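Hi,

Here is the structure I promised to pass on.

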Amino acid sequence: MRRRVSKFAARRGAVVVLAAFLLVLFMIFAAFSVDVGFLMLQRTRAQIAVDAAALAGVDNLGLGQEAIDGAVDEYLNANGFDADSSELIDRTIELGEWDHETRTFTSVAEESEANAVRVNVLHTGVDSFFGRFLGASQYTVPAQATASRGENPRDIVMVIDCSTSMGSHMGAGGRRIDNAKAAAQELVNQLVESDRVGLAVFSWRDPNRNRYERTGIMEELLDFDHDPTDTRIGELDKGEYGSGTNIGGGLRAGLDVFLNSDERPPLKPGEELEQILVLLTDGRVNKAEPYPTPDDGATGTLPPPPYDAGFDKRESVTQWANSIKARGIILHVVTLGTNAHDELMVDAATPDDGDRTYYHHIANGDDDVEQLLEVYRGIGAGDRRPHLVQ
């Protein structure tokens with residue numbers, strides 16, 4: 001006799017099959033949810049690491065490919081990614097030119113042409129959880145970041161003390177004048193096409209020129225072509241225009257470079273011009289500027305001679321420094337050696353703003369040359385602080 005199956009039993013069998021099917025779907029969904037969540041977490045970690053690495057790479061532009069690579073790997077390692085392990089991470093570093101207007105990145109071969117760094121990472125060692133039951137034991141997580149320097153254009157005038165005392169040696173070796181020239185050229189090397197650079201020097205006595213032309217001298221007016229300034233810096237020597245230290249005259253000559261240079265082409269929308277004067281001296285002021293000091297702010301004009309010779313040498317520095325700063329020109333003051341450390345020079349510099357320092361004293365010591373190079377290198381890079389663009 002044939003056994004009859006009740007409708008209830010048939011339905012119970014169908015429920016079991018359905019439950020098994022739903023359990024499989026649930027397992028697939030769990031695998032998908034857990035693994036995707038973990039992948040997103042790992043991608044976020046990788047992106048944070050790559051962002052930091054790209055910013056560090058841009059911050060080292062101008063210091064050589066080895067320094068850029070080292071900075072990138074340091075920040076990857078600090079964020080938990082072993083840049084030295086090909087099994088866990090594959091990273092590439094690309095130098096390029098970032099166009100802020102079109103927002104495009106173009107690879108370049110020479111570091112001198114780069115204003116941006118792109119870092120690509122493939123994290124190939126991301127383990128799966130439930131996904132391994134579906135044949136995916138590991139995942140690859142990509143991350144990319146592009147960082148660039150800012151592009152605000154700058155006009156920078158360097159004023160260099162060429163008095164005879166600049167022939168003295170620094171603690172780490174070499175004459176002050178030679179180290180000052182190397183630092184000034186390092187600043188020039190940091191500049192980009194939108195920057196202009198100029199040069200003035202000062203001492204005091206030059207018997208071949210009129211008394212009122214003996215002090216600070218305009219050497220190079222502001223120019224987008226950086227080579228003339230770089231070349232003239234290389235030609236300078238101690239005693240270029242005699243002995244003596246007329247710092248007020250150097251400041252006046254630096255301001256003259258700004259006033260006598262050609263007008264800039266119109267700025268692009270959103271750009272803000274930065275004007276910077278960098279004064280370097282190794283001595284205390286011992287001569288007064290024979291030109292009249294401006295006593296009403298930034299007039300930029302001088303009355304015809306003859307001039308009264310009774311000027312105070314320290315007041316001369318203060319007046320010309322104030323005239324420069326009144327025009328919105330940032331004034332960096334760099335002093336070398338013990339004798340040049342003077343509150344007069346501290347007060348002459350643009351006041352610190354909590355984020356930047358504008359008075360830099362390089363004391364005699366084993367690392368004074370590197371300190372000097374670092375100061376000028378930092379001024380050359382300036383406020384082009386790295387920022388992420390992609």
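Two strands count as paired here if DSSP finds at least two bridges between them. Helices (H or I, at least four residues) and strands (E, at least two) are DSSP runs, numbered from the N terminus. Note that this is a predicted model, with local features needing pLDDT of at least 70 and side-chain atom pairs counted only at pLDDT 80 or more, while totals for chains, interfaces and linings use all residues. Residues are numbered from 1 along each chain as its sequence is written, and side-chain values use heavy atoms, with hydrogens and water left out.

**Around β5**

I'd start with β5. It pairs with β6 in the parallel sense over seven bridges, and Asp-161 has Phe-202 as its bridge partner in β6. With strand β8 (residues 274-281), β5 also pairs in the parallel sense over seven bridges; there, Ile-160 is partnered by Leu-280. Together, β5, α3 and β6 make a right-handed β-α-β unit (right-handed: with the strands pointing away from the viewer, the path from the first strand over the helix to the second runs clockwise).

How many residues of β5 are buried? Eight of its eight, where buried means under 20% relative accessible area, exposed over 50% and partly exposed in between, with a 1.4 Å probe and protein chains only. Both faces are covered: Arg-154, Ile-156, Met-158 and Ile-160 lie on one side, and Asp-155, Val-157, Val-159 and Asp-161 on the other.

**Salt bridges**

The count is 16 salt bridges, each being a side-chain nitrogen of Lys or Arg within 4 Å of a carboxyl oxygen of Asp or Glu. Two of them involve β5 residues. Asp-195 and Arg-154 meet at 3.2 Å, N to O. That pair links distant parts of the chain, with Asp-195 in the loop between α3 (176-190) and β6 (196-202) and Arg-154 in strand β5 (residues 154-161), 41 residues apart. Both Asp-195 and Arg-154 are buried.

Asp-155 and Arg-196 form a salt bridge at 2.9 Å, N to O. This pair also links distant parts of the chain, from strand β5 to strand β6, 41 residues apart, and Asp-155 and Arg-196 are both buried.

Arg-252 is buried at a relative accessible area of 5%, and Asp-256 is buried at 17%. Elsewhere, salt bridges that share partners join Glu-186, Glu-370, Glu-374 and Arg-377 into one network.

**Cores**

In soluble globular proteins, nonpolar side chains tend to be buried together. A nonpolar core here is a set of buried Ala, Val, Leu, Ile, Met, Phe, Trp, Tyr and Cys residues joined through side-chain atoms within 4.5 Å. The largest one has 32 residues, and those with the most contacts inside it are Met-158, Leu-187, Val-278, Leu-280, Val-334, Leu-372 and Tyr-376. Two or more residues each come from β5, α3, β6, β8, β9 (330-336) and α8 (368-381).

A second, separate core has 27 residues, among them Phe-202, Leu-279, Trp-320 and Met-345.

Is α8 largely enclosed or exposed? It is largely enclosed by the rest of the structure, because 10 of its 14 residues are buried. Among them are Leu-372, Tyr-376 and Arg-377. The cover over the buried residues of α8 includes β5, α3, β8, β9 and β10 (359-362). From first C-alpha to last, α8 reaches 20 Å, close to the 20 Å expected (1.5 Å times one less than the number of residues). Gly-382 follows α8 and has a positive phi, near 60°.

In strand β10 you'll find His-361, which is partly exposed with a relative accessible area of 25%. Its C-alpha is separated by 5.8 Å from that of Val-334, 27 residues apart along the chain. Not counting residues up to four places away in sequence, His-361 touches Thr-335, Gly-337, His-341 and Gln-371.

Cheers

Notes:
Contact means heavy atoms within 4.5 Å.
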